[in-house]
Amino acid sequence: MKNFLMGNELIALAAYNAGVRSAYAYPGTPSSEILEYFSKISDEVYAQWSINEKIALELAGAEAISGKYVLCSMKQVGLNVAADPFFSIAYTGVKGALVIASADDPGPYSSQTEQDSRMYAMSAKLPVFDPINPEDAYFLTKKAVDLSHKYEIPVMIRPVMRVCHSRQSIDVDIEKNNLIISNSFEKDTARWAATPKFRKQLHSILNQKLKDISNKYYKEFKINKKSDFAVVGSGYSFAMAMDIVAEDGLNIDLYKLDLPFPLSDELIKSLLEEYEKILVIEETQPVIEMQFARRDKVFGRLNDFITNMGELTYQYLQSKLYQFLGKQNEIEEFDVNVKSAKPRLCPGCGHRPAFYAIKKVAKNRGIFPGDIGCYTLGVNLEAVDTCICMGASVTFAEGLKRANNDKVVIATIGDSTFFHTGVPALINAVANDSKIVLAILDNETTAMTGFQPVPHKHKKISIERVVKGCGVDFCKTIDPYDFDGSIRLLNEAIEYSEKNSTPAVVIFKHPCITKIKYKGKKKVVITDKCKNCKICYEKFECPAIFEDKLANAAKIDELLCVNCGVCMSVCPFDAIAYVDEVDDEV
């Protein structure tokens with residue numbers, strides 16, 4: 001049966017069809033749809049959004065050493081968080097199967113970095129598959145499960161964003177799997193609780209596994225020479241190279257390497273013997289290229305033939321393939337500098353008045369470390385000065401305050417990110433008497449990645465109790481729509497923190513605007529009192545308000561406006577009102 005599925009959906013389906021029944025993940029673009037789809041395949045599966053990637057991988061590893069087949073997914077920067085168990089489980093291996101899907105973001109389009117997860121796999125000595133399209137992702141994920149079980153080793157699949165979010169028609173469906181999987185934990189302290197002495201032995205076993213895998217996987221790989229020029233590679237960029245060679249009729253031999261690491265020494269030797277020149281096409285780091293010991297025949301990133309950053313585009317690769325062949329480049333240049341729309345917080349978003357209040361109370365003496373999420377867009381409101389990684393707003397606040405004691409430091413972090421890595425940072429700030437204010441922006445969901453659940457959704461956990469458990473005495477909650485109340489509370493928090501040499505926490509609690517409706521509420525209008533001071537649409541940056549140049553006044557876009565009315569609090573001329581209030585004045 002033909003299905004038109006996304007790459008991420010096909011990874012989830014392939015894992016299920018190969019016997020996987022448990023999956024763990026932390027959301028992050030471009031990987032989020034893997035767990036979402038897996039959770040809907042069957043009632044017999046277990047799928048968990050874990051608090052962070054480290055916990056997700058440790059949970060997956062625990063099931064896998066008990067004989068279960070498990071999938072763990074994350075985005076590439078999430079792999080940084082999971083690095084500790086990632087390297088260690090490579091040594092211990094697994095009994096069932098463990099596939100780690102780490103989705104990369106060359107570009108980057110929605111990440112802090114464009115790091116290559118394959119480099120992590122290479123460093124940890126784990127096999128990694130690199131699919132060229134969604135269909136390839138399906139079949140390579142199945143191979144990854146089989147390889148993991150056969151060699152008792154975790155295996156990575158690394159799709160890039162174009163593979164994750166592309167859709168392809170493919171003849172696959174949910175399969176009935178009669179695989180009998182043993183799922184009992186067998187004690188073996190020399191392996192599962194290995195001390196350094198036994199770790200060295202495990203390292204030796206891991207090295208032998210890699211050697212066996214590379215030799216076996218590429219044993220049937222054929223060199224079919226028709227040209228003196230070869231292009232080898234993996235991933236989405238190699239798929240484009242395949243298209244260009246076919247469409248332009250270029251005289252180049254192509255070799256798709258499903259498993260960029262570990263490569264077979266014999267395969268590399270054969271390619272070097274057969275060809276005059278070899279071009280390596282891969283994103284984003286030279287993982288394949290580095291495994292070619294001889295450099296005189298090989299072109300790629302290491303000799304600056306291919307750019308060492310950014311996503312490889314069709315046009316760029318076309319130019320490079322012609323250059324590789326020594327042919328004149330007659331490719332038409334296209335102007336691709338399309339002006340993109342500036343990302344902004346949604347109309348009615350509770351984060352906007354919270355940021356505006358933060359900026360107002362700190363005035364010109366504030367430093368505002370921010371974090372990863374929708375609320376990174378507080379930078380537009382001049383209320384975010386730094387953004388490094390998940391949870392770093394709190395630790396940066398502590399460091400910035402120590403280096404700038406005369407400043408007011410107010411950090412912002414989302415509810416999901418607070419649980420992800422913000423809690424240890426807050427404990428550290430308390431233990432070290434840091435005079436900071438932490439604003440937790442609680443919209444009751446992980447909004448940016450698709451509304452995945454947050455730990456306090458079911459009321460078993462509360463942010464307030466966790467904050468107080470970290471040792472914070474000043475922890476108060478307010479709806480950011482109460483703008484004047486937010487100003488008063490932030491001033492109170494600043495005074496408390498400075499006086500008592502300890503962090504103070506303000507929780508701005510308002511549901512994500514996309515989850516609640518304001519339709520039917522009183523309509524907001526701009527009255528004749530408007531002086532076009534630009535505060536509501538420039539400083540407050542509400543997307544539903546714009547400048548009407550003919551009228552020299554602000555105007556509301558009724559299609560975007562959700563009638564939240566928060567803009568009334570920031571207008572210095574009381575020019576924004578509800579319709580019935582205008583009628584009353586008339």
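**Cysteines, a charged patch and a loop lysine**

Good morning. I begin with Cys-475, which is buried, at a relative accessible area of 10%; buried means under 20%, exposed over 50%, and partly exposed in between, with a 1.4 Å probe and protein chains only. The model is predicted, so local features need pLDDT of at least 70 and side-chain atom pairs pLDDT 80 or more, while totals for chains, interfaces and linings use all residues. Residues are numbered from 1 along each chain as its sequence is written, and side-chain values use heavy atoms, without hydrogens or water.

How many disulfides are found in the whole structure? The search finds zero, a disulfide being a pair of cysteine sulfur atoms within 2.5 Å. Cys-475 is in none, as the nearest cysteine sulfur, in Cys-470, lies 9.7 Å away. For Cys-374, the closest cysteine sulfur belongs to Cys-512 at 6.5 Å, which is too far for a bond. Cys-374 is partly exposed, with 24% relative accessibility.

I turn now to charge. Asp-265, Glu-266, Glu-273 and Glu-274 form a negatively charged surface patch. Such patches take residues with over 30% relative accessible area and no salt bridge, like charges being joined within 9 Å; a salt bridge is a side-chain nitrogen of Lys or Arg within 4 Å of a carboxyl oxygen of Asp or Glu. Within this group, Glu-266 belongs to helix H12, residues 265-274, and is exposed at 52% relative accessible area. Helices are DSSP runs (H or I) of at least four residues, and strands (E) of at least two, numbered from the N terminus.

Finally, where is Lys-222 placed? Lys-222 sits in the loop between helix H10 (196-217) and strand S9 (229-233), and is exposed at 63% relative accessibility.

Methods:
Patches are made of residues with over 30% relative accessible area and no salt bridge: like charges are joined within 9 Å, nonpolar side chains (Val, Leu, Ile, Met, Phe, Trp, Tyr) within 5 Å. Accessible areas come from the Shrake-Rupley method with a 1.4 Å probe; for residues, only the protein chains shown count as cover. Lys and Arg count as positive and Asp and Glu as negative; His and the chain ends are not counted. The place of a charge is taken as NZ of Lys, CZ of Arg, CG of Asp or CD of Glu.
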